[in-house]
Amino acid sequence: MVYPYIPHTDEDRSMMLSAIGLQSLDQLFEVLGEELQLSDSVPISHGRTEDEVQRMIDSIASRNVRGIPFLGCGCYDHIIPSTVKALSSLPSFVTAYTPYQAEMSQGLLQAIYEFQSMICEITGMDVANASLYDGSHAASEAASLMVASKRKSSTVLVSSTIHPFILAVLTTWAKGTDRAIRILQEKEGVVDLSSLEAELDETCAGLIVQSPNRYGLLEDYNTVADTLHTHACLFAILSDPLSLAIQKSPAEWGADIAIGDTQSLGLPLAFGGPSCGYMAVTESLMRRIPGRIVGATTDAKGRRGFTLTLQAREQHIKRERATSNVCSNQALAALMTTIHLSSLGWGGMVEAANQSYAKAHYLAYHLAQLPGVTLIWDKPFWCEFPLVFSDAKRMRKFLQELRNEGIFAGVRLAALTRQAKDELVLLVAVTEKRSREELELYLAAARRVMK
Amino acid sequence: MSKIMQDLRYSKDHEWVRIEGEKAYVGITDHAQHELGEIVFVELPPLGERYSKGEEISTVESVKAASAILNPVEGKVLEANEELDGSPELINEDCYAHHLYVLTDYKLDDYHALLDAKGYEAFLNSL
Amino acid sequence: MSEPLLIDMSKQGRKAYCFPPLDLPRGFDQALPSLPASLSRQTAARLPEVAELDVVRHFTRLSNLVHGVDNGMYPLGSCTMKYNPKLAEHIAGMSEFTQIHPLQDISTVQGSLSVMYNLLEDLSSITGMSWGTLQPCAGAHGEYTGLKMIRSYFLKQGDDARKKVLIPVSAHGTNPASAAVNGFDVVPIASDERGLVDLEDLASKLDDTVAALMLTNPNTLGLFEQDILVISRMVHDAGALLYYDGANLNAILGMATPGDMGFDVLHLNLHKTFSTPHGGGGPGSGPVMVNSTLRPFLPKPDIELTDSGYVYQWENEESIGKVSMFWGNFLVLLRAYVYILRMGSEGLRAASRHAVLNANYLAAKLAPVLRIPYGKRCMHEFVISCSDLLEKYGVSAQDIAKALIDEGYHPPTMYFPSLVSEALMIEPTESESVESLDAFAETLLKLVKRAQEDPASLKAAPITTVVGRLDEVKAVKEPNLRY
């Protein structure tokens with residue numbers, strides 16, 4: 001029997017077995033013992049040819065429905081230059097592993113070095129790692145970093161305006177340990193900083209906020225860094241990196257840690273994954289940042305080369321004393337972001353951010369004119385805004401009517417928070433990729449429903 | 001054979017302590033620096049903080065290893081050896097001439113409970 | 001040829017991509033409220049300004065400076081660098097999957113959900129477990145998830161005393177780190193002279209403060225823990241749970257299951273066993289599978305099949321909650337599903353049988369010259385020691401590894417596990433033909449000969465690469481981490 005991806009012929013097998021002094025493959029598995037050896041094959045289907053698999057997958061794929069997405073909440077449909085897929089699909093990038101052997105991994109190491117540099121440039125921070133799993137992972141690693149950086153601390157303050165799923169991941173992070181997440185409440189859609197100082201005690205290690213926040217609103221962190229630093233607390237800002245083309249960077253707010261997800265920089269929607277978390281910190285935290293880091297150095301001939309470095313922080317050296325268990329990064333996704341940013345340049349990034357801003361405001365402005373919906377809070381936003389419906393029936397009808405036009409009109413906040421108070425909130429995201437026609441289609445359908 | 005200084009006290013985690021009046025100097029032993037290899041970084045403790053005995057207070061790193069320094073004597077951090085910031089290799093060159101940090105208001109009992117040179121030598125031989 | 005940084009090829013005004021012009025109605029731009037200055041960015045970021053061809057050549061050249069499975073043999077132990085089928089790549093690029101938003105209405109994502117549901121069913125069958133979660137993005141993330149569930153399980157029973165996790169000294173570093181970040185104390189378990197779990201040491205450490213024993217089976221020496229049923233009974237009699245690190249599952253697919261061995265929870269590495277590409281270090285995927293004891297603690301949401309199709313199930317009070325942003329690394333899950341569809345039950349079994357055959361054949365070829373300290377036979381990988389070479393000729397495992405690079409091979413895993421001095425851990429996988437195994441063995445034996453005759457040449461390796469051995473001390477002491 002010939003199996004896909006296994007090159008052995010009958011002749012190979014018998015020659016190899018005799019070379020190790022055996023008669024059958026079964027003898028190699030005698031060590032499993034009779035009790036454990038399966039007598040039957042596992043109950044999954046038989047193998048299929050390439051063509052059969054493709055047909056089966058085509059049929060499965062047809063049950064996914066595409067629409068014009070005005071959906072965001074941590075995953076956005078931005079324009080991606082064709083270079084991204086073409087170059088990130090080069091086989092040696094795809095089929096290599098972690099660049100442990102620097103000499104034969106220079107291309108990958110250099111790409112990561114360029115990624116780190118770009119993340120530093122965009123966030124304004126000093127040091128970035130080679131990437132983390134996703135934005136929620138970056139947030140929990142930031143929380144770990146905070147607690148590890150302050151003696152006897154155990155608590156991390158988190159703004160209630162952070163993405164509900166990231167809050168969920170942080171809650172899991174604290175579960176069953178002596179660490180805790182404490183919520184800093186919001187006021188009119190943004191974090192309420194008036195009670196910040198009162199929350200900062202000996203046990204508190206830092207604050208994590210998000211801007212644009214869970215409602216898409218931009219937050220003002222004036223004086224926050226000073227207040228936190230006075231109490232030996234660290235300040236982490238989570239943001240969509242594309243928004244940093246126009247909004248104040250974490251460094252400009254005085255943050256110690258910048259975190260987020262680079263999905264908006266070159267990664268497709270992909271049902272939410274793979275994505276790519278990023279983390280950048282000030283120089284004083286360089287030896288505490290988790291994950292892989294690439295550095296430039298030289299060889300014996302003085303030639304510049306790149307290598308994994310500062311490894312004494314990591315689990316393979318520190319084992320149970322490591323403050324993070326992360327062992328890999330999202331190298332290929334980070335590569336996609338690097339190619340994306342290389343293609344766009346700073347000018348392109350600003351253009352994408354500005355166009356998203358303009359188109360989102362265009363849609364928001366016109367939707368706000370309709371009866372039955374309001375744009376609550378009247379706060380600055382970037383490419384996503386909260387629309388509140390007067391009643392649930394209208395909201396359902398709105399979503400359905402737009403669906404009929406092939407439009408995914410927005411994300412129901414309650415689908416993320418599962419809370420009754422959010423039932424009437426729809427988050428609408430508009431990127432530079434939405435054409436004028438798509439915007440007008442949305443508005444026309446909306447006007448029909450909401451008249 | 002590791003070098004051991006007669007006038008110091010030692011922990012089983014390979015730290016040495018030297019008392020000079022109000023001050024207790026803490027460093028790592030020749031055995032420890034040898035095990036680590038070329039030292040590339042020393043994390044110095046924050047000044048003014050009080051550390052109990054056995055508490056992790058600092059880290060000494062080589063390229064492929066990281067060794068936690070467990071504070072051998074309870075006390076308050078008075079000074080950290082800033083010289084090590086740019087030149088951690090000084091520990092490799094002479095680990096007894098280059099302490100990591102200095103404690104004050106230390107617990108003398110903790111000091112007396114440490115091994116003397118003979119005891120530490122016997123301990124090393126037992127490893 | 002080394003490649004400059006792209007930023008150093010920058011020329012102001014060049015563009016590799018042009019956006020369509022903003023086409024909002026005339027006048028709206030002017031009326032558009034601008035972002036308040038207090039919230040606006042003040043400084044520009046330095047990103048490359050280059051033409052499209054510059055981008056293409058830069059990254060193409062960089063890819064030429066990387067060795068992947070597609071370039072040549074990659075016998076990196078415990079990483080299972082098997083061939084990554086092109087079919088899976090093609091399917092993972094289909095727009096029906098890449099253009100789907102994670103928060104679309106459930107009725108519009110039934111295709112993606114069926115992939116995930118069916119994958120969970122297949123993985124349950126393959127591992128002999130009850131159900132699982134696809135959320136974890138990597139093996140270490142799976143460990144984190146599994147241990148979190150173990151902690152929740154004991155807390156649910158009001159047992160706060162079980163704070164220890166037992167881990168063999170030969171285990172991968174993520175095991176103790178994952179335990180520690182979940183608040184557990186790590187207790188190492190010794191290996192005996194066979195290279196297996198020391199049962200006496202285990203017995204002496206099992207008590208009512210132990211939450212779990214984490215095991216990799218076959219272990220990192222490539223040896224099957226043949227006392228596993230005894231170990232399982234000991235652990236469970238002590239009231240603790242048994243965790244399976246699936247790093248080495250490629251040795252036993254279709255031959256035995258962790259479920260039958262008595263494991264309560266495990267993580268898989270789809271990027272190892274199920275052939276999804278490693279991507280230069282990720283994205284991978286680390287699904288966690290559990291038996292019925294731990295099933296209530298799985299992360300949210302679960303996926304259920306109802307009369308009206310697949311749905312998310314959020315109503316689970318005992319769940320540990322979410323561990324990643326959305327549903328997991330979907331495109332990786334899809335590739336693994338394609339691999340399983342293609343291989344089928346017999347194919348998966350054949351993969352393990354040939355992975356083990358390849359490892360034993362290669363070990364037999366090397367054994368006369370290179371010492372294999374543990375085990376007469378191995379499973380899918382084995383560990384050689386170069387300590388004799390170091391002693392006699394001053395040639396280390398690292399020297400051999402670097403010389404392999406000049407011969408066009410990615411070196412084996414070096415200096416792990418620490419039980420073996422001067423270790424090289426070799427995992428050929430089932431993908432390699434007998435001819436490529438022969439060629440690799442011949443090369444290694446040639447290098448051993450060179451160690452005797454010309455050790456200096458091995459110390460100088462690699463010489464064919466764009467850079468030689470790098471100054472790692474300098475990299476740490478003078479960190480240069482960005483342009």
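1. Two strands pair if DSSP finds at least two bridges between them. Helices (H or I, at least four residues) and strands (E, at least two) are DSSP runs, numbered from the N terminus. In β12(C), M425(C) is the bridge partner of V383(C). Four bridges join β10(C) to strand β12 (residues 423-426) of chain C in the antiparallel sense.

2. This is a predicted model, in which local features need pLDDT of at least 70 and side-chain atom pairs count only at pLDDT 80 or more, while totals for chains, interfaces and linings use all residues. Residues are numbered from 1 along each chain as its sequence is written, and chains are lettered from A and ligands numbered from 1 in the order in which they are written.

3. The open sheet of chain C has three strands, in the order β10-β12-β11, with antiparallel pairing. Because β10 (382-385) and β11 (413-414) of chain C each have a single partner strand, they stand at the edges, and one side of each is left without a neighbour in the sheet.

4. Chain A has 15 helices and 17 strands. Of its 451 residues, 60% are buried (20 or more other C-beta atoms within 10 Å of the residue's own, with C-beta atoms placed from the backbone).

Methods
Buried ≥ 20, exposed ≤ 12 C-beta atoms within 10 Å, placed from the backbone.
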